[in-house]
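Dear colleague,

Please find below the structure that I am handing over to you. My notes on what was found in it follow directly after.

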Amino acid sequence: MNHVSTYIRTPLVTVSRFEHPGGEAHVDPQEEAASEYSVNFVERGSYFLQVGRRRWEMSATLVFVTRPGAVFRCRHRDETPTDVSFSVCYDAAFVRDVWRHGGAGRAASPLNVAPLTNRLAYLQMRLRRAADSREEVLAAETLAGELLLALSQGGPGKVNRPYQARLFAWYAERVEAARALMDSQYASPHSLSSLARFTGMSPFHFSRVFRELTGTPPHRYLLGVRMARAAERLRDGAGVTETCFAAGFTNLSHFTRLFRRTFGAPPSRFPGKGTARGE
């Protein structure tokens, strides 16, 4: 019998690990039908996946995506398989929410096999860390949504060659360090040059790698952090001018325009805030 270890289960997503018990013979079913939306990564080993006349050898370089009703067959070379998969299963309403508000539209078919891009590998790494902690539930749900959106937006076009494992790990750790720096010191006057020096990379190379892995350029990431912190401060009763400078902005008018564009309301009338001080 196959073994499934569930790391995180919420109303939105279930994150789990699938493996075959060691040394036990396995009989592949004639066919299977997916009952839910899921994204599946091969962490170790391989197996053959067949849908109609199409056939793939699933390995760590491919991602297997299902929708309810997808019919497929899995085949293994060995009687005692050793492949291990990391899976994210989704509530259908959450999937529709991601498609609707992420601007991705519906996936074209009930089943899809996609290449593991650098962006998907980075999301897999972060999801795995959140799952291993078993406590970062919000992070896991958020990353699961980003993963689904990244797959939905993939489509045709140029895809950069996946980095080799050691180089990917090097890049990922530096991107994580840059994110942590901006998350904790969001009010500091960061620049592309300063962030690149911090990570030991050239400015252009850092910007390109950061965008490829996170899905957003560094300046936009920092802006998102500052906006989120500004909203928190306003909810806690801080004044608009105080919030503007505490969040790292240097121009009140510019901050007000950006805030309105981001949240649909000026900071003085942000939800949960009364009459703003400092205006």
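Which residue in β8 does phenylalanine 48 stand opposite? Before the reply, please note that this is a predicted model.

The residue opposite phenylalanine 48 is arginine 75 in β8. As for the strands concerned, β5 covers residues 47-51 and β8 covers residues 71-75. The two run antiparallel and are joined by three bridges.

Both strands belong to an open sheet of four strands, whose order is β3-β8-β5-β6 and whose pairing is antiparallel. The edges of this sheet are taken by β3 (32-33) and β6 (54-58); each has a single partner strand, so one side of each is left without a neighbour in the sheet.

Turning to the protein chain as a whole, there are nine helices and 10 strands. The C-alpha trace spans about 70 × 40 × 35 Å along its principal axes. Of the 279 residues in the chain, 45% are buried. When contacts between residues at least 6 apart in sequence are considered, 71% of them join residues at least 24 apart.

Two further points concern surface and charge. The accessible surface of the protein chain amounts to about 15,200 Å², and carbon and sulfur atoms account for 51% of that area. The chain carries 37 positive and 26 negative charges, and the mean positions of these two groups lie 10 Å apart.

Yours sincerely

Conventions:
Residues are numbered from 1 along each chain as its sequence is written. This is a predicted model: local features need pLDDT of at least 70, side-chain atom pairs count only at pLDDT 80 or more; totals for chains, interfaces and linings use all residues. Side-chain values use heavy atoms; hydrogens and water are left out. Buried means under 20% relative accessible area, exposed over 50%, partly exposed in between (1.4 Å probe, protein chains only). Contact means heavy atoms within 4.5 Å. Accessible areas come from the Shrake-Rupley method with a 1.4 Å probe; for residues, only the protein chains shown count as cover. Lys and Arg count as positive and Asp and Glu as negative; His and the chain ends are not counted. The place of a charge is taken as NZ of Lys, CZ of Arg, CG of Asp or CD of Glu. Two strands pair if DSSP finds at least two bridges between them.
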